[in-house]
Amino acid sequence: MLAFILRRLLQSIAVLLTVGLVSFSLFRYVGDPINSMVGQDTPASEREALRERLGLNDAAPIQFLRFIGNAAQGKFGLSYRTSEPVGRMILERLPATLELSFCAAVFALFVGVPMGVYTGLYPKHWSSRLMQAVSLIGISLPTFVIGILLILVFAVWLHWLPSFGRGETVMLFGWWPTNFLTIKGLQALILPSITLGLFQLTLLMRLVRSEMLEVMRTDYIKFARARGLTNRAINFGHALKNTLVPVITVTGLQLGALIAFAIVTETVFAWPGVGQLFIQSVQFSDIPVMAAYLMLIGLLFVLINLTVDLLYFVVDPRLRSQGGAARVAGH
Amino acid sequence: MAAASNNQPLLEVRNLRVEFPTRRGTLLAVDDVSFDIAPGEVLGVVGESGAGKSLTGNAIIGLLEPPGRVAGGEIRLEGRRIDNLPYEEMRKIRGARIGAIFQDPLTSLNPLYSVGRQLIETIQTHMPLSASQAKARAIELLKEVGIPGAEMRIDHYPHQFSGGMRQRVVIALALCAGPRLIVADEPTTALDVSIQAQIIALLKRLCREHGTAVMLVTHDMGVIAETADRVAVMYAGRVAEIGPVREVVKHAKHPYTKGLMGSIPSLGVRTDRLTQIDGAMPRLTEIPPGCAFNPRCTFKGQRCLVERPNLMPAGATRAACWLHDSGGVGAPILKETVDA
Ligand SMILES: Nc1ncnc2c1ncn2[C@@H]1O[C@H](COP(=O)(O)OP(=O)(O)OP(=O)(O)O)[C@@H](O)[C@H]1O
Ligand code: SF4
Ligand SMILES: [Mg+2]
């Protein structure tokens, strides 16, 4: 097990270095960083001096190492657009995105999994068929369309919920603005969370449903029935637990996707998160911000994948015994 | 009835019919099957693949998979009718009064729960025991089925046991709430040949000690000869012959059983590999009128082509064959109508 985790850690570092290389190339070779920093009429000698001072004349590998070293400390230079430190800009916006993604994930999990269980247990019931049909819409409608429809209904027609912004936030620990402590903040979360989470909800529901259908056909479920266990014990103990491994995998991957896809939702709802920041920086060719955003998303994906791998061990005893899958055959 | 029917049978199956509604009409997979099992008795059930053995067993434990359903007849356990009980009532009987062991014991255990947990949950479902009492009972059972180091093994997961050991755990699970009857559907088919005999011996010994009756479905005539008190031979959804195991093995009365028994070269041979009897069992959609066995029977007469025989006394057994009726098989069949 330890070897497995070590292997995964090494893989994660390799992934991060690759992402780092991409964002370094973006940073260093797309456009000239010097051009973005100095005025039109700066003489060539001054440019050269700046180039030397910033280390842009060093060999590429050295520059890359320096970039990685700085990135590890959260230093991504100054934004071309606002001249603020990029690290701080991202940190200011990250809480908004994380809270939105978190709510979307909770919504997707706590609605999607029960719906999947229900439709898997009673596949022929009319309500299951209805959920299946509706979920197809959820999967095929683009996120921004869902967002706009929700705004139209709940903000424009009914005036129940705000259509943009974070509403009211409260500072936590002096630097984390949170939506969770005010009514207005919570209200502002609802529509964006649904918009962002709907796709993952339908995905989870369909996944749990098909896993459930499969598990219910297995011999150990039949044997559990023959032992006279209650339906409750069979459905929620034996069956649901056996659907967990794929559910954890997909939830993990989708959590990463949620944060990445937040770009669209944040744009539709004018949500002041890192996704919106990214869109702005694309419009202004603000390369340092884009590079930092890439690194951040890469880091989040890697962290989530590591967590997912560890959860496997918690759920599946076959992986826990030393050699992992190789020993499943028994001894 | 032959053996041990001095008082009430434990299980009575009367005119059981199991059918499957399909698009092309209803398939009658178990047709008018009747038999008894006495308390503590081992009834062997043999027959070719598709004869209806598993469906009969599943009907008894109330776990026919839809769209299959009991379409007629009665099943009584200790005099109480159980084939028409609501699901929840039948659930309380499963595990507690009737245990079951299925074809593949290797996949019968939930891989994500320790064997102890699976034992304890079964015990506590059916018996008013505390967690620690249930655990003590679980350890006791694991010892009884011959698992070394039961106190430690109880926390292990199924994948940490070999096939034979897992099978022992399955037997412990089937027995853990003290059922009166165990329906064992080919309990050793999936196991290594070298441990099959061990497992059957264990099952037999435990059931004798606990006074548990067994309906033992198997393809292995050797197992039947060694283990069963009585044997029922099934053919195309019906019982062809039933009687004390010695009589059926040595003095079979039904032509089909004779074919089966005549072709046992040694113990441990499976009936589905026997080629002694020409032809194959008809599919459910193609069962001929009259005796279902008539296309393969060398004794058949005109009567066999039109009239269906029910079980009738035949020496020390009961057989569904006109040879044992005073009316006989009817006029001989002319050569040309006989299929080569
Ligand atoms: N779900 C189903 N739909 C239609 N027919 C079925 C279904 N399940 C079983 N049958 C039919 O019922 C008949 C009896 O099946 P059963 O499983 O009882 O046979 P068996 O005697 O146990 O055979 P085996 O030795 O292969 O286990 C078979 O002909 C089979 O095709
Ligand atoms: S009833 Fe006729 S066809 Fe059937 S087994 Fe007896 S002799 Fe053969
Ligand atoms: Mg079978």
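A residue counts as buried when its relative accessible area is under 20%, as exposed when that area is over 50%, and as partly exposed in between, with a 1.4 Å probe and the protein chains only. Select A:Cys103 to see the term applied: with a relative accessible area of 18%, A:Cys103 is buried.

This is a predicted model, in which local features need pLDDT of at least 70 and side-chain atom pairs count only at pLDDT 80 or more, while totals for chains, interfaces and linings use all residues. Residues are numbered from 1 along each chain as its sequence is written, chains are lettered from A and ligands numbered from 1 in the order in which they are written, and side-chain values use heavy atoms, with hydrogens and water left out.

**Chain A**

Next, select A:Ala291 in helix H12 (residues 287–315) of chain A; its relative accessible area is 1%, so A:Ala291 is buried.

**The largest pocket**

Grid points are joined across faces, edges and corners, and a volume is the space filled by probe spheres set on the points.

The largest pocket has a volume of about 880 Å³, and the closest to its centre among its 21 lining residues are A:Leu121, A:Met216, A:Arg225, B:Glu65 and B:Pro66. Helices H5 (86–121), H8 (183–216), H9 (219–226) and H10 (231–268) of chain A are the elements that give two or more residues to this lining, and the largest share, three residues, comes from H9(A). By class, the lining has 11 nonpolar, five polar and five charged residues, where Ala, Val, Leu, Ile, Met, Phe, Trp, Tyr, Cys and Pro count as nonpolar, Asp, Glu, Lys and Arg as charged, and the others, Gly among them, as polar.

From B:Pro66, step to B:Pro67: the peptide bond between them is cis, with omega near 5°, and B:Pro67 is found in the loop between helix H1 (53–61) and strand S4 (69–77) of chain B.

Eight cavities of 30 Å³ or more are found in the whole structure, and the largest cavity has a volume of about 110 Å³. Its lining includes B:Tyr235, B:His254, B:Cys291, B:Phe293 and B:Arg308, and strand S10 (residues 238–244) of chain B gives the most to it, with three residues.

How do the rings of B:Tyr235 and B:Phe293 lie, and at what angle are their planes? Their centres are 5.2 Å apart and their planes at 90°, so the pair is edge-to-face; rings of Phe, Tyr and Trp (its six-membered ring) pair if their centres lie within 6.5 Å, and planes under 30 degrees apart count as stacked, over 60 as edge-to-face and the rest as tilted. B:Tyr235 is in strand S9 (residues 230–235), whereas B:Phe293 is in the loop between helix H10 (255–262) and helix H11 (302–306) of chain B, 58 residues apart, and both residues are buried.

**Ligand 2**

Select ligand 2 and the 14 residues that surround it, of which the closest are B:Cys291, B:Cys297, B:Cys304, B:Cys321 and B:Trp322, a residue being near a molecule if one of its heavy atoms lies within 4 Å of it. This shell divides into 11 nonpolar, two polar and one charged residue. B:Cys297 counts as buried, at 12% relative accessibility.

Finish with B:Asp32, in strand S2 (residues 25–37) of chain B, where phi is near 60°, a positive value in a residue other than glycine; at 30% relative accessibility, B:Asp32 counts as partly exposed. B:Glu186, in the loop between strand S7 (181–185) and helix H7 (193–210) of chain B, has a positive phi of about 45° although it is not a glycine, and at 8% relative accessibility B:Glu186 counts as buried.

Note on methods
1 Å grid on protein atoms, 1.4 Å probe; cavity = no way out; pocket = protein on both sides within 12 Å on 5 of 7 lines; lining within 4 Å. Helix = DSSP H or I, 4+ residues; strand = E, 2+ residues; numbered from the N terminus.
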